Amino acid sequence: MSVEHHDLIHEFPELKDRIHELKVSDHHFRNLFEEYHTLTRSIENMENEVTPAATRTEEDAKIRRVRLKDELYRMLQAG
């Protein structure tokens, strides 16, 4: 099974420079960015069956990732 990559640069390639800018200048953005990527790696491990997890656990993680992505996107659009 091929797992789709959901890192922020793949999700928003047109915002690559803005992502870098906020990672450097905004502590809150950087923390959310790191949480998003840690969660994404965890989900990819669950999907690849590297880390066994209940379906509910995987789905809850995906919901959290979508919420984080939405918040990060709002921050990228602001300013």
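Thr40 counts as buried because its relative accessibility is 2%, where buried means under 20% relative accessible area, exposed over 50% and partly exposed in between, with a 1.4 Å probe and protein chains only. This is a predicted model, in which local features need pLDDT of at least 70, side-chain atom pairs count only at pLDDT 80 or more, and totals for chains, interfaces and linings use all residues. Residues are numbered from 1 along each chain as its sequence is written, and side-chain values use heavy atoms, with hydrogens and water left out.

**Two residues to look up**

- Thr40 sits in helix α3; helices (H or I, at least four residues) and strands (E, at least two) are DSSP runs, numbered from the N terminus.
- Leaving aside residues up to four places away in sequence, Thr40 touches His6, Asp7 and Arg65, a contact being heavy atoms within 4.5 Å.
- Val50 lies in the loop between α3 (27–47) and α4 (55–77).
- Val50 counts as exposed, because its relative accessibility is 58%.
- Val50 and Arg18 are 32 residues apart along the chain, and their C-alpha atoms are separated by 33 Å.

**How α3 meets α4**

- Two packed helices are described by the angle between their axes and the distance between the axes.
- The axes of α3 and α4 come within 9 Å and cross at roughly 150°; axes are lines fitted to C-alpha atoms, for helices over the stretch in contact, and angles run from 0 to 180 degrees between N-to-C directions.
- That crossing makes α3 roughly antiparallel to α4, since angles over 145 degrees count as roughly antiparallel, under 35 as roughly parallel, 65 to 115 as roughly perpendicular and the rest as oblique.
- Among the residues making this contact are Leu32, Tyr36 and Thr40 of α3, and Ala61, Arg65 and Leu68 of α4.
- The residues of the contact of α3 with α4 divide into twelve nonpolar, three polar and eight charged; Ala, Val, Leu, Ile, Met, Phe, Trp, Tyr, Cys and Pro count as nonpolar, Asp, Glu, Lys and Arg as charged, and the others, Gly among them, as polar.

**The whole protein**

- The protein has four helices and zero strands, following the pattern α-α-α-α along the sequence.
- Its C-alpha atoms fill a box of roughly 40 × 20 × 15 Å, taken along the principal axes.
- Of the 79 residues in the protein, 32% are buried.
- Among contacts with a separation of 6 or more, 70% are between residues 24 or more positions apart.
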